[in-house]
Amino acid sequence: MERVVILVGTETGTAEDVAGEMAEALEGAGVGVEVVDMEDVGPGVFGGGRAVIVCTATHGDGELPENSVGLYEQLVEERPDLGGVAFAVCGLGDSAYPDFCAAGRIWSRTLGELGAEEVIRRYEIDGWPEEEDVEGAREWAGRAVERFRELVRGRG
């Protein structure tokens, strides 16, 4: 595992802020990290057996953020084989809505259907992220990287 790519799906920038905090924690632990807006990439971002963290908010009534729709639709249409890709999902949402963190569940399901392996249970943040939520995301990202490393050693 050379580096982790954190893909960000956001409407208001909150998921981007959380992704930045995770990246800072991982970089502090010596992990190479690239934070990328989903709007700026295509399915090739999953190429080469990468380790990927999806950090996405849920928009409206359980919808993907607008900046992530293009990538998602390309994946669904092209259906690339994502075998060899390890991923984890951090979802942000509001439990006052019936489809709490639905975007995170959509990404987990879709990437799994395409052959990628989810290495750790989704981390979900309810409402506006408080300091303990952000710290939890930082710790969760560290555990995800440990699982990524275990997979690389196992494949070695």
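Predicted model: local features only at pLDDT ≥ 70, side-chain atom pairs only at ≥ 80, totals over all residues.
Residues are numbered from 1 along each chain as its sequence is written, and side-chain values use heavy atoms, with hydrogens and water left out. Helices (H or I, at least four residues) and strands (E, at least two) are DSSP runs, numbered from the N terminus.

**Helix H2**
- H2 covers residues 66-78, and its 13 residues should span 18 Å at 1.5 Å a residue, the expected span being 1.5 Å times one less than the number of residues.
- The end C-alpha atoms of H2 lie 19 Å apart, which agrees.
- Asn67, Ser68, Leu71, Tyr72 and Leu75 are the buried residues of H2 (buried: under 20% relative accessible area; exposed: over 50%; partly exposed: in between; 1.4 Å probe, protein chains only).
- They sit on the same side of H2, because their arc around the axis is only 105°, taken from the directions from the helix axis to the C-beta atoms.
- Exposed Glu66 and Glu77 are on the face of H2 turned away from its buried side.
- The cover over the buried residues of H2 includes strand E1 (3-9), strand E2 (32-37) and helix H3 (102-113).

**Strand E1**
- Of the 7 residues of E1, 6 are buried.
- E1 pairs with E2 in the parallel sense over 6 bridges (pairing takes at least two DSSP bridges between two strands).
- E1 also pairs with E3 (residues 51-57), in the parallel sense over 6 bridges.
- Val5 stands opposite Glu34 in E2 and opposite Val52 in E3.

Key. Contact = heavy atoms within 4.5 Å.
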